[in-house]
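Subject: Handing over a structure

Dear colleague,

I am passing on a structure that you have not worked with before, together with notes on what was found in it. Please look through the sequence and the model first, and then read on.

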Amino acid sequence: MIPEYFRDRPVPRYIHTKSQLLAWVFETFMDQEPISNWEMVRDLNCHRFGGIIFNLRKLGYKIVTVKGKERGAAMYYCTELPSTTAKIN
C-alpha cells in the first residue's frame, strides 16, 4: 500500500511500487532531515526497506546509513543521485 502523503507532501500518483516510493523520498527530501527506519515502517508502510535500499544503491543512489542513538535505530539520507535516470520498477 502506497501512502498518500509523506511529511505533509503528497506522493505522486505515478508511484506504484515501494522502490519507486523510496527513490522519490530520497530524491525529494535529499536536502532535508534524514529518513529514519521508523518513518519507513510507520509512514511509508515499507517493512523490507533494506533490500530496496540495496537495489537503489546498485542503481547509483549514494545512500548513507547513520546509526541512531537507540538500539536498532538508523537514519538514511541520499547524498548523490544516479548520473542517468534509471527506470525503477
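Predicted model: local features only at pLDDT ≥ 70, side-chain atom pairs only at ≥ 80, totals over all residues.

Residues are numbered from 1 along each chain as its sequence is written, and side-chain values use heavy atoms, with hydrogens and water left out.

Glu 39 forms a salt bridge with Arg 7, and the closest N and O atoms of the two are 2.8 Å apart; a salt bridge here is a side-chain nitrogen of Lys or Arg within 4 Å of a carboxyl oxygen of Asp or Glu. This pair links distant parts of the chain, since Glu 39 belongs to helix H2 (residues 37–42) and Arg 7 to the loop between strand S1 (5–6) and strand S2 (9–10), 32 residues apart. Helices (H or I, at least four residues) and strands (E, at least two) are DSSP runs, numbered from the N terminus.

Most residues other than glycine have a negative phi. Arg 7, however, has a phi near 50°, a positive value in a residue other than glycine, and Asp 8, which is placed in the loop between S1 and S2 as well, has a positive phi near 60°. Asp 8 counts as exposed, because its relative accessibility is 77%.

Turning to the chain as a whole, it has three helices and five strands, and read along the sequence these follow the pattern β-β-α-β-α-α-β-β. How does the radius of gyration of the chain agree with that of a compact globule? For 89 residues such a globule would have a radius near 12 Å, and the chain has 12 Å, which agrees; the radius is taken over C-alpha atoms, and the globule rule is 2.2 Å times the number of residues to the power 0.38. The C-alpha trace spans about 35 × 30 × 25 Å along its principal axes.

Of the 89 residues, 34% count as buried. The accessible surface comes to about 6,200 Å², and 50% of it belongs to carbon and sulfur atoms. Among contacts (heavy atoms within 4.5 Å) with a separation of 6 or more, residues 24 or more positions apart account for 44%.

Thr 28 lies in helix H1 (residues 18–28) and counts as partly exposed at 23% relative accessibility; Thr 28 and Arg 9 are 19 residues apart in sequence and 9.7 Å apart in space, C-alpha to C-alpha.

Met 30 is found in the loop between H1 and strand S3 (35–36), and at 23% relative accessibility Met 30 counts as partly exposed. Leaving out residues up to four places away in sequence, Met 30 touches Cys 78, Thr 79, Glu 80 and Leu 81, whereas Met 30 and Gly 50, 20 residues apart in sequence, are 18 Å apart in space, C-alpha to C-alpha.

Gly 60 lies in the loop between helix H3 (49–59) and strand S4 (62–67), and counts as partly exposed at 21% relative accessibility. With residues up to four places away in sequence again not counted, Gly 60 touches Glu 80, Leu 81 and Pro 82. The C-alpha atoms of Gly 60 and Leu 81 are separated by 6.5 Å, although the two are 21 residues apart along the chain.

With kind regards

Note on methods
Buried < 20%, exposed > 50% of the residue type's maximum accessible area, 1.4 Å probe, protein only. Areas by Shrake-Rupley, 256 points an atom, 1.4 Å probe, with all protein chains shown as cover.
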